[in-house]
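Have a look at the picture first, and then we'll go from the whole chain down to single residues.

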Amino acid sequence: SPGQVGYIDALANPNINLIGVLGNAGSGKSFLPIAQAIDDIIAGRKRKLVATRKESGVHKKIGAVKGDQHDKTKRDNHAIFEKLLEVFKMWGLSEKEAIEKTELLIKPSKGMLPGQEIVEIVLPDQLEGRTIHDATIILDEAHGITTAVMRGILGRLGDNSRLVIMGDFRQINNKQLRQTDFNKDDGCGLA
């Protein structure tokens, strides 16, 4: 569609560091920036991909979940994992090879400090206090976050980094969020 062509053009332009997109499920709003981010990493234009999305109720009890941070967030970030698999399969890898490549990129190696993964999938609050350089930061499911969280994520953008914000306002199911954050004219909405 013409909208997708404009989106692809914006993603390919290294001078655009903030992109917002609204769209239906299956329109490519998540897949396209993940594919571009992996291409940027391979070409040496970026160092990493950081993906974040709204928190689910599970995260309120995350301390009780066994495993490392990767294990704790894997279930809720399965959609991002699936998009990475699609990218690698599109590039000709078998299902098995795509899974291995995706796991290798996401799961930190022994001795690696948090945040050193090539693909980092985190909760929005795990970005606090960080400035992320040389990366594509993807905020998926932005329709479910508050303006305070949005402001916090915008503040993480460092040198040679890009933020891609994606959402679908028709999927807002939080009545309080719908009545407050997106109805205020405070300059922090998605466009």
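## The whole chain

Before we start counting, here's a word you'll need: two residues are in contact when heavy atoms of theirs lie within 4.5 Å. Keep in mind too that what you're looking at is a predicted model. Among contacts between residues at least 6 apart in sequence, 74% join residues that are at least 24 apart.

What is the chain built from? It has seven helices and five strands. If you read along the sequence, they come in the pattern α-β-α-β-α-α-α-β-β-α-β-α. The chain has 191 residues, and 41% of them count as buried.

Now for the strands. In general, strands of a sheet pair through backbone hydrogen bonds, and they can do so in a parallel or an antiparallel way. Here, five strands make an open sheet with parallel pairing, in the order β1-β5-β4-β2-β3. At the edges you'll find β1 (18-22) and β3 (119-122); each has a single partner strand, so one side of each has no neighbour in the sheet. Going from one strand to the next, the twist averages 15°.

Let's zoom in on one pair. Strand β2 (residues 48-53) runs parallel to strand β4 (residues 135-140), and the two are joined over six bridges. One of the residues to look for is Lys-48, whose bridge partner in β4 is Ala-135. Helix α6 (residues 147-154) packs on the sheet, where it touches β1, β2, β4 and β5 (162-167). The direction of α6 makes about 155° with that of β5.

Is Leu-163 buried or exposed? This residue sits in strand β5, and its relative accessible area is 0%, so Leu-163 is buried.

Who are its neighbours? Leaving aside residues up to four places away in sequence, Leu-163 touches Asn-17, Leu-18, Ile-19, Ile-137, Leu-139, Ile-153, Leu-154 and Leu-157. Take Ile-137 as an example: Leu-163 and Ile-137 are 26 residues apart in sequence, yet their C-alpha atoms are 4.7 Å apart in space.

## Two loop residues with positive phi

Next, look at the loops on either side of α6. Glu-141 is in the loop between β4 and α6, and its phi is near 60°, a positive value in a residue other than glycine. With a relative accessibility of 17%, Glu-141 counts as buried, because the cut-off for buried is under 20%.

Asn-160 is in the loop between α6 and β5. Its phi is positive too, near 55°, and Asn-160 is likewise not a glycine. Asn-160 has a relative accessible area of 40%, so this residue is partly exposed.

## A pair of helices

How do we describe two packed helices? We give the angle between their axes and the distance between the axes. For helix α4 (residues 78-90) and helix α5 (residues 95-106), the axes come within 9 Å and cross at roughly 130°. That angle makes α4 oblique to α5. The crossing of α4 past α5 is right-handed.

Which residues meet there? From α4 come Phe-81, Leu-84, Leu-85, Phe-88 and Lys-89. Their contacts in α5 are with Glu-95, Ala-98, Ile-99, Lys-101, Thr-102, Glu-103, Leu-105 and Ile-106.

Key. Residues numbered from 1 in each chain as written. Predicted model: local features only at pLDDT ≥ 70, side-chain atom pairs only at ≥ 80, totals over all residues. Heavy atoms only, no water. Helix = DSSP H or I, 4+ residues; strand = E, 2+ residues; numbered from the N terminus. Buried < 20%, exposed > 50% of the residue type's maximum accessible area, 1.4 Å probe, protein only. Pairing = 2+ DSSP bridges. Axes fitted to C-alpha atoms, helices over the stretch in contact; angles between N-to-C directions. Parallel < 35°, antiparallel > 145°, perpendicular 65-115°, else oblique. Left-handed = near helix turned anticlockwise from the far one by under 90°.
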